[in-house]
Amino acid sequence: MGQKRNDSDQSVIINRTSSSASAHARDESQRSRNSYQLKKITNSIAFFLCAGIAIFFLGKYTEYKSYSITYKEHHTARGEQSVVTLSDGSRVELHNEATLRYPEIFKGFKREVYLSGEAFFQVHKDSLRPFIIHSQEFRTLVTGSALGVKATPDNTTVTVAEGTVQVMAGDDMQIVLPDEKISYSHTTKKMAKAKADQTSL
């Protein structure tokens with residue numbers, strides 16, 4: 001009887017060991033499958049991220065190529081005045097010894113020109129494409145206005161006749177209303193606003 005009980009106990013131990021080993025094997029298999037699924041998901045996410053980034057930069061490159069801009073330059077001599085009509089219908093009256101650099105055709109979401117000297121702008125209204133006048137680091141942003149801009153190496157002065165104008169330099173931004181003018185010093189980097197003398201336009 002004692003021998004049979006020992007054999008039975010050993011059989012139970014063997015069965016338990018076998019069952020434990022089988023459960024361990026199942027756990028290992030489940031962990032392996034989970035690890036594989038996690039790795040697959042991680043790889044998929046990485047792939048889509050990389051694809052998204054590639055598509056984004058490809059789109060930016062395509063946009064840049066499609067918006068390749070040809071610039072023209074107009075200069076007035078001493079004592080001369082001249083009117084330039086831009087591709088959007090805006091008119092620029094250039095005064096004595098002024099230079100305007102502008103796109104042959106405005107493309108994209110901005111209309112940008114570069115001024116040295118003095119000019120009077122009648123900007124065609126387009127709220128979706130702001131008109132930006134650059135004079136060194138100073139920027140004058142308009143959607144549709146009439147204004148005078150005088151840009152010298154030392155100062156830029158903007159005088160507003162019609163509409164509302166936003167001016168920016170570095171982190172400084174101000175709004176200029178009709179019959180107001182603002183002067184910016186390229187040396188001190190400061191702006192000063194005052195009432196405008198419209199006879200100077």
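Guide: Happy to: we'll begin with the aromatic rings, move on to the salt bridges, and finish with a surface patch and one serine. Please keep in mind that this is a predicted model.

Let's start with the rings. The count comes to four aromatic pairs. What about their exposure? Tyrosine 71 is partly exposed, at 29% relative accessibility, and tyrosine 114 is partly exposed too, with a relative accessible area of 29%.

Here a charged side chain joins the picture. Arginine 101 lies over the face of tyrosine 71, 4.0 Å from the ring centre. Arginine 101 also lies over the face of tyrosine 114, at 5.6 Å from that ring's centre.

Another edge-to-face pair is made by phenylalanine 106 and phenylalanine 131, whose centres are 6.1 Å apart and whose planes make an angle of 70°. Phenylalanine 106 lies in the loop between S4 and S5, while phenylalanine 131 belongs to strand S6 (residues 131-135), so the pair ties together parts that are 25 residues apart in sequence. Both are buried: phenylalanine 106 has a relative accessible area of 7%, and phenylalanine 131 has one of 0%. Together with Phe121, Phe106 and Phe131 form one aromatic cluster.

Now for the charges. Side chains of opposite charge can pair when their charged atoms come close. The whole structure holds six salt bridges. One of these joins arginine 78 to glutamate 97, with the closest N and O atoms 3.8 Å apart. Arginine 78 is in the loop between strand S1 (71-75) and strand S2 (82-85), and glutamate 97 is in the loop between strand S3 (91-94) and strand S4 (99-103), so this bridge ties together parts that are 19 residues apart in sequence. Arginine 78 is exposed, because its relative accessible area is 66% and the cut-off for exposed is over 50%. Glutamate 97, at 39% relative accessibility, is partly exposed.

In another bridge, arginine 129 and aspartate 126 meet through their side chains, at 3.0 Å from N to O. Glutamate 180 and lysine 193 form a further one, with 3.9 Å from N to O. Glutamate 180 lies in strand S12 and lysine 193 in strand S13 (residues 191-195), so the pair ties together parts that are 13 residues apart in sequence. Glutamate 180 counts as buried, at 18% relative accessibility, whereas lysine 193 is partly exposed, with a relative accessible area of 40%.

Stay with strand S12 for a moment. This strand covers residues 180-185 and includes serine 185. Serine 185 is buried, with a relative accessible area of 15%. Leaving aside residues up to four places away in sequence, serine 185 touches Asp154, Asn155 and Lys190.

Met173, Ile175 and Leu177 form a nonpolar patch on the surface, with about 240 Å² of accessible area together. Isoleucine 175, one of its members, is found in strand S11 (residues 172-176) and is partly exposed, at 37% relative accessibility.

Technical notes:
Residues are numbered from 1 along each chain as its sequence is written. This is a predicted model: local features need pLDDT of at least 70, side-chain atom pairs count only at pLDDT 80 or more; totals for chains, interfaces and linings use all residues. Side-chain values use heavy atoms; hydrogens and water are left out. Helices (H or I, at least four residues) and strands (E, at least two) are DSSP runs, numbered from the N terminus. Buried means under 20% relative accessible area, exposed over 50%, partly exposed in between (1.4 Å probe, protein chains only). Contact means heavy atoms within 4.5 Å. A salt bridge is a side-chain nitrogen of Lys or Arg within 4 Å of a carboxyl oxygen of Asp or Glu. Patches are made of residues with over 30% relative accessible area and no salt bridge: like charges are joined within 9 Å, nonpolar side chains (Val, Leu, Ile, Met, Phe, Trp, Tyr) within 5 Å. Accessible areas come from the Shrake-Rupley method with a 1.4 Å probe; for residues, only the protein chains shown count as cover. Rings of Phe, Tyr and Trp (its six-membered ring) pair if their centres lie within 6.5 Å; planes under 30 degrees apart count as stacked, over 60 as edge-to-face and the rest as tilted. A charge sits over a ring if NZ of Lys or CZ of Arg is within 6 Å of the ring centre and within 35 degrees of the ring normal.
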